[in-house]
Number of protein chains: 2
Amino acid sequence: GSRFSPAMMGSAAFARDIAVDTVLERTDAEGVSVGAALDAIGYRGPLAVGSQPLGAFLELHIEQGPILEAEGKTIGVVEHGQGIIWYDGRITGFQSHTGSTPMHLRKDALAALSEIVLAIEQLAITHGPNAVGSVGEAVIGMPSRNVIPGDITFSAEFRTVDAAILETLHAALQEKVREIAGRRRVEIALDLIWRKEPTHFDPAIINAVRAAADGLGLSHRPMVSGAGHDAFHMATLMPTAMVFVPCKDGLSHNELEDATKDDCVAGANVLLHAVLALAGGAARA
Amino acid sequence: GSRFSPAMMGSAAFARDIAVDTVLERTDAEGVSVGAALDAIGYRGPLAVGSQPLGAFLELHIEQGPILEAEGKTIGVVEHGQGIIWYDGRITGFQSHTGSTPMHLRKDALAALSEIVLAIEQLAITHGPNAVGSVGEAVIGMPSRNVIPGDITFSAEFRTVDAAILETLHAALQEKVREIAGRRRVEIALDLIWRKEPTHFDPAIINAVRAAADGLGLSHRPMVSGAGHDAFHMATLMPTAMVFVPCKDGLSHNELEDATKDDCVAGANVLLHAVLALAGGAARA
């Protein structure tokens, strides 16, 4: 993770999605605030956040996924950003001895979670290709080899580019969770803790990116971004799009993250040519 | 857990299932050995372990399960002890971003574990009523809300009173794990770390327990013990059986463990009358 959280606070403050004062008060693990850290390096600056007039926004990023690498393409022309729903969940079953509790008298929280994990996976596949769903975290309370798990906390999410599908996934999961809880006689709390609607980038900016890739003779394909980006905040204010380049094994936020110099140069050139084209023919001379 | 592990070392040493010196050398969390602890309270004693001649062994215990309570019975006449197989498992998939990794390119270790959990549950149910199966522990390596779990360690077990069924469960799980690993392109290591064959108590001792319960006018039912007991070690040396009494909610090894005074008195009386009967008519006068 980053030193300060949440991520992308700069663009969020620029887009008035989070108050500037809130950002300045966020602290790192040692209790140092963003404001104090900016003052210490002389980077706070005199202008009011969001006061700079901008005509468009373009962002270059590694894909953070495996698609470009898998298809041997150099440039991802990002057209949409996925909507996201995040859940915090808790399953309360009953801790009991694995040897002396018959199967039909168990309230196994891990078995209930297992059904939820597979249901989320199946719902995402059913509503694909641009829907994904995961359980990323799951912690058994007081785990023991010979104790049936009685308490599990977990996180879950869905992402899809289509707002209607996001709603369908949400409703279907609620229904499935109710069914599992009733059948297995466990309590399942599933709280929606964050929801981001899908982002649809500006056709003119998308076209400028595609044209730049074509002009440079680079292979490209349209893409949906599944990760979070500053561009999603900026897209609420002005015409925006993104350029992706491949990354090794789709790895990101990881010490193994890697992209070739050639791909980075290609992405930077696409960014440059798209910006020049948007700035007007005179600048292309 | 107990101060020293493994559990039931006394009866294990008596039955020569573990060497006496090994027991004496086991240490607690502070590094104090069993031998030093026995010396400190003057309990080591002068006799060689296992040298005392015994004609039979009877053990009274709370059920550690919910069956007697659920059926309103006072005495469990234990006829068998379940065989047990313990596994340590590890699933190696691939950590990647939940948003930018399409469903078909994922190697989700938690989804693989979920299938294993449900397969173990289904195998136990299919081979019931005296078979059980569980995953008690599961830990995701470096979990994060927006990272697909790439590494999970877990423990699993089967218990059943029938040696042939224990073998069937073991073989079926190996096959299922191979299938899941291949289909999901993850690595699954499943190591059998302990195996205990089923225990079948002595018919004469079982009859003595049942007759004692009948004689005292106490409701009873035959039972299989799913937990571990000293009696299993002793049964390798001499005629053995056990008496169970109900415990609240089937809870054991837990601060909420509870049994009524009436049930404990009933169990003690069954134990007394069974021992008197086995010791011969003269002692019953």
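**Exercise 1.** How are helix 5 of chain A and helix 6 of chain A oriented to each other, roughly parallel or roughly antiparallel?

*Solution.* Keep in mind that this is a predicted model.
- Step 1: Find helix 5 at residues 109-126 of chain A and helix 6 at residues 163-184 of chain A.
- Step 2: Get the angle; their axes cross at roughly 155° and come within 10 Å.
- Step 3: Angles over 145 degrees count as roughly antiparallel, so helix 5 and helix 6 of chain A are roughly antiparallel to each other.

**Exercise 2.** Work out which classes of residue make up the contact of helix 5 of chain A with helix 6 of chain A.

*Solution.* 
- Step 1: List some residues from each side. Helix 5 brings, among them, Ala112(A), Glu115(A) and Ile116(A), while helix 6 brings residues including Leu173(A), Lys176(A) and Val177(A).
- Step 2: Sort the contact of helix 5 with helix 6 of chain A by class, and you get 12 nonpolar, no polar and 4 charged residues.

**Exercise 3.** Decide whether Glu121(A) is buried or exposed, then find what it touches.

*Solution.* 
- Step 1: Locate Glu121(A) in helix 5 of chain A.
- Step 2: Buried means under 20% relative accessible area. Glu121(A) has 16% relative accessibility, so it counts as buried.
- Step 3: Leaving out residues up to four places away in sequence, Glu121(A) touches Met103(B), Ala111(B) and Arg184(B).

Conventions: Residues numbered from 1 in each chain as written. Chains lettered and ligands numbered in written order. Predicted model: local features only at pLDDT ≥ 70, side-chain atom pairs only at ≥ 80, totals over all residues. Heavy atoms only, no water. Axes fitted to C-alpha atoms, helices over the stretch in contact; angles between N-to-C directions. Helix = DSSP H or I, 4+ residues; strand = E, 2+ residues; numbered from the N terminus. Parallel < 35°, antiparallel > 145°, perpendicular 65-115°, else oblique. Contact = heavy atoms within 4.5 Å. Nonpolar A, V, L, I, M, F, W, Y, C, P; charged D, E, K, R; others polar. Buried < 20%, exposed > 50% of the residue type's maximum accessible area, 1.4 Å probe, protein only.
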